[in-house]
Amino acid sequence: MKTKTWTALPEVNFKATDFGCVLHEEKLIAVGGREGNDPTKTVKFFESLWFDIIVDDYLLWFSQVESYDLKTRTFKTMPSLLKGRWLHNTVKLGKYVYVVGGRASLGEENIISDIERYVFKNISFLSIKYLRY
């Protein structure tokens, strides 16, 4: 692979913005996020999954987690977050991935004040604490 150049990689399995991303064992892990506010795209994109999404004024937020293996150049769906969220922080510390805060929808009352921790050994997210402001 050439250095100091950009390389095109495969597209992600879901279209999202405002998601978190961390590197773990040569895998990029994309966490949560949201899909834009165009109602025609939203309905068309999710017409077969309408019962699995959260819609607030045509804004969708995800609990979906995807990993991209840098060696094999493949995507894999991982266990979902306990709460769909966007504009959150995602950080890897040691063997855990932490997802902190974020928003569940529009409006100040919908700010999420908890932390989820992904445990690779158990292959799941756990809620561990509420943030205090």
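**Exercise 1.** Find the strand that holds Ile115 and decide whether Ile115 is buried or exposed.

*Solution.* Ile115 is in strand E10; strands are DSSP runs of E of at least two residues, numbered from the N terminus. The relative accessible area of Ile115 is 13%, so Ile115 is buried (under 20% is buried, over 50% exposed, in between partly exposed; 1.4 Å probe, protein chains only).

This is a predicted model, in which local features need pLDDT of at least 70, side-chain atom pairs count only at pLDDT 80 or more, and totals for chains, interfaces and linings use all residues. Residues are numbered from 1 along each chain as its sequence is written, and side-chain values use heavy atoms, with hydrogens and water left out.

**Exercise 2.** Describe the setting of Glu116 and the polar contact of its side chain with Arg85.

*Solution.* Step 1: Glu116 is also placed in strand E10, residues 114–119. Step 2: its relative accessibility is 1%, so Glu116 counts as buried. Step 3: the Glu116 side chain has a polar contact of 2.8 Å with the side chain of Arg85 (a pair of N or O atoms within 3.5 Å; within protein, one must be able to donate a hydrogen and the other to accept it, and residues adjacent in sequence count only if both atoms are side-chain atoms). Step 4: the side chain also reaches the backbone nitrogen of Lys83, at 3.1 Å.

**Exercise 3.** Which residue lies over the face of Tyr96?

*Solution.* Arg117 does, at 4.5 Å from the ring centre (CZ of Arg or NZ of Lys within 6 Å of the ring centre and within 35 degrees of the ring normal). Tyr96 counts as partly exposed, because its relative accessibility is 22%.

Notes
Helices (H or I, at least four residues) and strands (E, at least two) are DSSP runs, numbered from the N terminus.
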